[in-house]
Amino acid sequence: QEWTDALRALGTVHAREAVTVTAKVSETVQQVHFESGQQVARGAALVTLSGQQQQASLASAEAALKEAEQQYQRYAQLVSQQLLARSTLDAQRATRDAARAQVAQIRANLSDRVIRAPFAGVLGIRQVSPGALVTPGTAIATLDDVSRVFVDFPVPETELADVGAGQALVGHVATFGERSFDGTVSTVSARLDTASRAATVRGDFPNPDGLLKPGMLVQVTLARGSRQALVVPEIAVLQIGNETFVWRVKADGTVEKANVEVGGRVPGK
C-alpha cells in the first residue's frame, strides 16, 4: 500500500529570542515598571535605577559647557577684530569640546540607569523590588519572544540525506493531547555530534497563542516521500534473537517462516 516515510524525534522548544535582563552598573532600584508575565514592547522601560549623583554631575557639566561656549563666542569676536591671538581661540575651542564630551559621557551614564527591553516579548518572574541594590549581572527578569519558537531535535546521520530546509513538520505536546502544531525545517546543523552521530535540526513553529513555551518537550514528525511498500500488522512481526520473521500462508493452507527486514513503522503497522 501507499507508505509515507515519516521521521520521528523528540525536540525541545526554544524562544526565538531569549535573554536575562541585567543591570550594567551597581545602583539602587528606584522604580520597577513591569509585573511578572507582562508583555512588553521593544525599548520599554523596565527598571529605573537611582541616579542622583549623575544628575548633579550633569548639571555641573552643563553649566561648565555653557560657560565654555560663551567664552568661545567672546574669543571669536575678539579674533575677528584682531584683538586676540588665534591660538587662544583654538585653546578655548578645545576646552569647549572637552566640556561637550563630558556632558555626553554623563548622559550616557544616566541612560544606563534606565534598563529597557531589548526586544518585544514576555517577561518572566520579577526578581527585584524598589530599594534593592543591583550589580552588573544581577538578574532582573527573563525576557522571551515566543511569537515564533524554534524546536531543536536530533536526526541520525543515516537519515540526513532526506532532510532539508522547508520541509513540513508536525509537532505534538503531551500537555495538549491530540492538538498538532505545524512548522517547517529552518536549518540543519553543519556539524554532527561525535558521540551520537546525529545532527541537530531546527524547526520553526508559529506560536501566536503562546502555547508552546521554552523548555517544552515536543514529538516532531517529519513527512518524507511516499512509496509503495509491503505493510503488515505490527503484531505479525516476530523477533527471536537476531532473527525477524513473519508466518506466510501458502496456497495449500500451510504456513512457512519468512525472514523480513523491518523498515518504517507507524502505530499498529
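**Figure 1. Proline 206 in strand β11 of a predicted model.** Proline 206 is partly exposed, with a relative accessible area of 37%, where buried means under 20% relative accessible area, exposed over 50% and partly exposed in between, computed with a 1.4 Å probe and the protein chains only. This proline lies in strand β11, which covers residues 198-206; strands here are DSSP runs of E with at least two residues, helices are runs of H or I with at least four residues, and both are numbered from the N terminus. Leaving aside residues up to four places away in sequence, proline 206 touches Ser147, Arg148 and Asp182, a contact being heavy atoms within 4.5 Å. Proline 206 and valine 149 are 57 residues apart in sequence, and their C-alpha atoms are 6.5 Å apart in space. The structure is a predicted model, in which local features need pLDDT of at least 70 and side-chain atom pairs count only at pLDDT 80 or more, whereas totals for chains, interfaces and linings use all residues. Residues are numbered from 1 along each chain as its sequence is written, and side-chain values use heavy atoms, with hydrogens and water left out.

Figure 2. Arginine 197 is placed in the loop between β10 (180-192) and β11. Most residues other than glycine have a negative phi. Arginine 197, although not a glycine, has a positive phi of about 55 degrees. At 48% relative accessibility, arginine 197 counts as partly exposed.

**Figure 3. Glutamine 219 in strand β12.** Glutamine 219 is found in strand β12, residues 217-228, and counts as partly exposed at 39% relative accessibility. Not counting residues up to four places away in sequence, glutamine 219 touches Arg8, Ala9, Leu10, Val170, Gly171 and His172.

**Figure 4. Arginine 96 in helix α2.** Arginine 96 has its place in helix α2, which spans residues 86-111. With a relative accessibility of 10%, arginine 96 counts as buried. When residues up to four places away in sequence are not counted, arginine 96 touches Leu65, Ala68, Glu69 and Tyr72.

**Figure 5. Two aromatic pairs.** The count of aromatic pairs comes to two, under a rule by which rings of Phe, Tyr and Trp (its six-membered ring) pair if their centres lie within 6.5 Å, and planes under 30 degrees apart count as stacked, over 60 as edge-to-face and the rest as tilted. Phenylalanine 176 and phenylalanine 181 form an edge-to-face pair, with 5.8 Å centre to centre and 65 degrees between the planes. Phenylalanine 176 counts as partly exposed at 25% relative accessibility, whereas phenylalanine 181 is buried, with a relative accessible area of 9%. Phenylalanine 245 and tryptophan 247 also form an edge-to-face pair, at 5.8 Å centre to centre and with 80 degrees between the planes. Phenylalanine 245 counts as buried, its relative accessibility being 4%.

**Figure 6. The whole protein as context for the close-up views.** The protein has two helices and 15 strands. Its radius of gyration is 33 Å, well over the 18 Å that the globule rule gives for 269 residues, so the protein is more spread out than a compact globule; the radius is taken over C-alpha atoms, and the rule is 2.2 Å times the number of residues to the power 0.38. Taken along the principal axes, the C-alpha atoms fill a box of roughly 125 × 45 × 30 Å. Buried residues make up 32% of the 269 residues.
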